[in-house]
Amino acid sequence: MSHRDKITHRQFLLLVILFSIGSSILFIPSAAAGDVKQGAWIPIAVGIGSGLLIVLLLIRVAHRFPDLTYVEISHRLLGKWIGTIVSVISISACYVGGAITLVYYMGNFMTTQVMSTTPEYMIHIMFTLIVVIGLLLGLKTLALTAEVLFPVVVVLFAALIVFVSPKIELEHFQPVFEAGTIPIVKAVFAYMSYTSFPLVFFLMIYPSAVRGGSKASGAFLLGSFLGGMFLLIVTAACVGVLGAEQTARQFYPSYALAKRINIANFITRIEVIVAAFWIIALYFKTVIYVYAAVKGLAQLLKLDNERVIVIPLGLLMVPLSLFIYPSSAYQMQWDEKVWPIYSITVGLFFPLLLVAAGALRKKIKP
């Protein structure tokens with residue numbers, strides 16, 4: 001990749017922020033409130049700090065071979081067979097557990113909250129189409145788009161918080177630490193499963209596709225922190241306005257939060273703010289997942305041009321997204337019990353394995 005085709009530190013930072021927000025902005029508040037009640041903000045704050053440790057681990061893995069991607073590093077350090085197994089598990093988690101489930105979330109949210117008369121498959125098709133178009137245009141174009149849309153995200157988010165802040169009741173945050181340690185740990189793990197561990201897929205971009213390579217480590221850390229702060233603020237706002245019980249019962253609590261906006265009976269029903277904010281963030285999270293899957297699969301198959309598999313993988317996303325969750329109960333079980341296992345395996349255990357393998361190779365061949 002030429003220097004001109006690489007993304008800048010600023011663009012990389014914005015991609016990390018949008019990825020961290022992604023789908024989490026809608027359901028992390030309810031998951032945290034379900035476990036920790038009125039202290040839902042506590043596991044988010046702890047998760048932000050723990051997430052920075054995960055990023056430091058990923059940076060260490062990336063710095064060993066700054067010109068290689070995650071798949072190439074796995075093959076270099078673990079050998080052909082083990083490296084291939086690690087790559088296949090990572091790509092499947094990225095594509096099936098990541099991208100396809102996000103297409104489902106988009107369809108489910110739009111048809112249940114915004115456009116109830118629109119067939120769900122049409123939402124899936126349209127969303128997948130713009131993901132495929134973005135991938136065909138390339139990473140540089142996606143990064144430039146993030147620069148254009150990020151100010152929109154900030155403005156919409158700020159408007160949401162400003163408009164609902166008068167309705168925040170401090171009593172909803174009391175008593176603090178009532179839930180105990182175990183629920184907090186569980187909620188921290190849930191936060192990291194959806195926000196911190198998946199950052200491993202940025203190793204398909206960082207540092208090989210970023211100008212300055214390893215020097216972008218600060219942008220990686222800052223992006224993870226700022227993305228977590230968005231989630232912390234919206235979680236606190238949900239609990240403060242809706243209350244812990246209502247936040248836990250809502251599948252999309254931040255959307256329910258926006259429905260509470262009422263300024264002098266004039267500014268009302270502007271929950272589209274959250275919809276637009278979330279759709280932008282979800283798009284970038286989906287496109288990063290698919291980009292990592294496409295690039296990883298192309299390297300695994302030794303293809304000269306990775307774009308030849310963008311359309312086939314894109315076409316598969318639509319039918320798979322329609323059938324990945326047979327029911328809402330199945331979805332909740334998958335999200336709570338299956339995805340966290342995939343996430344921690346790919347985002348923590350595999351990077352630790354690579355660090356251990358690299359240290360062992362250094363010891364054997366000083």
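Helices (H or I, at least four residues) are DSSP runs, numbered from the N terminus. This is a predicted model, in which local features need pLDDT of at least 70 and side-chain atom pairs count only at pLDDT 80 or more, while totals for chains, interfaces and linings use all residues. Residues are numbered from 1 along each chain as its sequence is written, and side-chain values use heavy atoms, with hydrogens and water left out.

**Pocket lining**

- Helix 2 gives the most to the lining of the largest pocket, with six residues.
- Other elements that give two or more residues to this lining include helix 8 (181-195), helix 10 (244-249) and helix 14 (328-364).
- By class, the lining has eleven nonpolar (Ala, Val, Leu, Ile, Met, Phe, Trp, Tyr, Cys and Pro), four polar (the others, Gly among them) and five charged residues (Asp, Glu, Lys and Arg).

**Helix packing**

- Helix 4 (residues 70-78) and helix 12 (residues 272-300) pack at an angle of about 40°, with their axes 9 Å apart; axes are lines fitted to C-alpha atoms, for helices over the stretch in contact, and angles run from 0 to 180 degrees between N-to-C directions.
- That angle makes helix 4 oblique to helix 12, since angles under 35 degrees count as roughly parallel, over 145 as roughly antiparallel, 65 to 115 as roughly perpendicular and the rest as oblique.
- Val71, Glu72 and His75 in helix 4 meet Gly296, Gln299 and Leu300 in helix 12, where contact means heavy atoms within 4.5 Å.
- The contact of helix 4 with helix 12 has, by class, two nonpolar, three polar and one charged residues.
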